[in-house]
Amino acid sequence: MTEPEETDVDYNKILIELYYANAMNELYSECEEWEMELALKYYEEEERYLECAGVKRALDDYKSNELFRKAIEDKDIQD
């Protein structure tokens, strides 16, 4: 197996970041979480793993942000 070319690695990173940014934008604007999970499932079935990486990271960040926001709201209610 040969090492990937530097341009391939750069392209991969750019593609992952592009899908991450688009997924985050969708999640915080009009897309429901379950819809993004369907998109992730589609990319997995199509074996488009770079796209999967970006969308999965966005979903993980979104869920983590939502949990953090909920914890802050709960604390504000208790205070």
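Reader: Is Glu51 buried or exposed?
Author: In this predicted model, Glu51 has a relative accessibility of 10%, so Glu51 counts as buried, where buried means under 20% relative accessible area, exposed over 50%, and partly exposed in between, with a 1.4 Å probe and protein chains only. Residues are numbered from 1 along each chain as its sequence is written, and side-chain values use heavy atoms, with hydrogens and water left out. Because the model is predicted, local features need pLDDT of at least 70 and side-chain atom pairs count only at pLDDT 80 or more, while totals for chains, interfaces and linings use all residues.

Reader: And which side chain does Glu51 meet in a salt bridge?
Author: Glu51 pairs with Arg48, at 3.2 Å from N to O; a salt bridge here is a side-chain nitrogen of Lys or Arg within 4 Å of a carboxyl oxygen of Asp or Glu. Arg48 itself is partly exposed, with a relative accessible area of 29%.

Reader: How many salt bridges does that rule give?
Author: The count comes to six. One of them joins the side chains of Glu17 and Arg57 at 2.6 Å, N to O, and this pair links distant parts of the chain, since Glu17 sits in helix 1 (residues 6–29) and Arg57 in helix 3 (residues 49–78), 40 residues apart. Helices are DSSP runs of H or I with at least four residues, numbered from the N terminus.

Reader: What about Glu33, which partner does it have in helix 3?
Author: The side chain of Glu33 meets that of Lys63 in a salt bridge of 3.9 Å, N to O. Glu33 lies in helix 2 and Lys63 in helix 3, so this pair ties together parts that are 30 residues apart in sequence. Glu33 is partly exposed at 30% relative accessible area, and Lys63 is partly exposed at 33%.

Reader: Switching to helix 2, how many residues does it have?
Author: Helix 2 covers residues 33–45, which is 13 residues, and reaches 19 Å from its first C-alpha to its last, close to the 18 Å expected, the expected span being 1.5 Å times one less than the number of residues.

Reader: Which of its residues are buried?
Author: Met36, Leu40 and Tyr43 are buried in helix 2. They cover an arc of only 60 degrees around the axis, which puts them on the same side of the helix; the arc is that of the directions from the helix axis to the C-beta atoms. On the other side of helix 2, Trp34 and Glu45 are exposed.

Key
Helices (H or I, at least four residues) and strands (E, at least two) are DSSP runs, numbered from the N terminus.
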